[in-house]
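Subject: Structure handover

Hi,

Here is the structure I promised to pass on. Please open it first, then read my notes below.

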Amino acid sequence: MYILDNHMHLRPDGENVEAVKKFCKAGGTHIFLAHIPYRDIPITGEDGYRKAFDRTLAMGDRVRKETEAVVFISVGPYPVDLVHMVEHMPLESATKIMMKGMDLAASLVEENVVVAIGEIGRPHFPVSDEIVMASNEILEHGMRVAKEVGCAVVLHTESATAETFKEFAQMADKVGLDRERVVKHFCPPIIDVDQNHGLFPSVLATKKNISAAIPQGNRFLMETDYIDDPRRPGAVLGPATVPKTTKSMLQEGVLTEEDIISIHKANPERIYDISIE
Ligand SMILES: [Zn+2]
């Protein structure tokens, strides 16, 4: 049985490899490692995102060497970076650096080093209209380069509503990116395509969420958003949650084997153009 966690972060000062070992021990087989900012690598005009992305890539290699898990990586300029950058530089310069980060992520997709661009989007907390507008421009650029290199984007945004789903779907349409290749990370269990406008939901793997999702179908992914932050223990789901939830819900008869094949194999294969084996 294949079991994929669609959104994990691993930090050099966190549990990293040990967390993935727990995931494997519980029956997990594949992970998506998503880039996150590192406090000791500020994004600057000179270096841009290169150093920061390199650290995520190195972590991916380490996990491949030291665990049984198959690791897919996504990198992208984290939306909140913009908020920090404008404390030191004009918005216009910060926007340029973020856009270059999108280009770098796209070139890593072309080199087959990463499989998707993300997480990208908008800060999850209220920000000025200026920041929202710049974030939208940056995101649209990210979707455009994703379309060019033929990959998916992983969205990090404020809480998803019918309106925001529609907004991002229209943005994808504008640049010609397949709506299905816009993966909404930290998505509520809104699986019905009429309601999520065809974006692809990645749902936090709680039993409550999965129970709400599955009556609408199995067109979704599961994730923990494991944050691996020693300063915030227990802030999010533990690294073994996706395999544990999947197996226990199969036993309870809430999930069928067919559902599990869709969620953990067929869906990610189609959306990310990868093979799960
Ligand atoms: Zn995340």
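Asp-13 is found in the loop between E1 and helix H1 (17–25). The model is a predicted one. Asp-13 has 12 C-beta neighbours inside 10 Å, so it counts as exposed. Its C-alpha atom is separated by 36 Å from that of Arg-179, which is 166 residues away along the chain.

Asn-16 lies in the loop between E1 and H1. Asn-16 is buried, with 21 other C-beta atoms within 10 Å. Please check its backbone: phi is positive, about 25 degrees, although Asn-16 is not a glycine.

Asp-273 has 13 C-beta neighbours inside 10 Å, so it counts as partly exposed. Then there is a cis peptide bond from Gly-118 to Glu-119, with omega near -5 degrees. Glu-119 lies in strand E4. For context, most residues other than glycine have a negative phi, and most peptide bonds are trans.

Now the sheet. It is open and has eight strands, in the order E1-E2-E3-E4-E5-E6-E7-E8, with parallel pairing. Which strands stand at the edges? They are E1 (4–8) and E8 (221–223). Each has a single partner strand, so one side of each is left without a neighbour in the sheet. From one strand to the next, the twist averages 30 degrees.

Strand E7 (residues 200–204) is joined to E8 by three bridges, and the two run parallel. Is E7 mostly covered or mostly open? Mostly covered: five of its five residues are buried.

Helix H10 (residues 257–272) lies across several strands. They are E1, E3 (70–75), E4 (116–121), E5 (152–156), E6 (182–187), E7 and E8. H10 runs at about 105 degrees to E8.

Next, a helix pair. The axes of H4 (residues 91–110) and H5 (residues 129–149) come within 9 Å. They cross at roughly 20 degrees. That is under 35 degrees, and H4 and H5 are therefore roughly parallel to each other. Their crossing is right-handed.

On the H4 side, the contact includes Leu-91, Met-98, Met-102, Ala-106 and Val-109. On the H5 side, Ala-134, Ile-138, His-141, Val-145 and Val-149 are among the residues met. The residues of this contact divide into eleven nonpolar, three polar and five charged.

Leu-104 also lies in H4. What does Leu-104 touch, leaving aside its neighbours within four places in sequence? Its contacts are Gly-48, Tyr-49, Arg-50 and Phe-53. Leu-104 and Gly-121 are 17 residues apart in sequence and 16 Å apart in space, C-alpha to C-alpha.

Best wishes

Key
Residues numbered from 1 in each chain as written. Predicted model: local features only at pLDDT ≥ 70, side-chain atom pairs only at ≥ 80, totals over all residues. Pairing = 2+ DSSP bridges. Helix = DSSP H or I, 4+ residues; strand = E, 2+ residues; numbered from the N terminus. Axes fitted to C-alpha atoms, helices over the stretch in contact; angles between N-to-C directions. Contact = placed C-beta atoms within 7 Å. Parallel < 35°, antiparallel > 145°, perpendicular 65-115°, else oblique. Left-handed = near helix turned anticlockwise from the far one by under 90°. Nonpolar A, V, L, I, M, F, W, Y, C, P; charged D, E, K, R; others polar. Buried ≥ 20, exposed ≤ 12 C-beta atoms within 10 Å, placed from the backbone.
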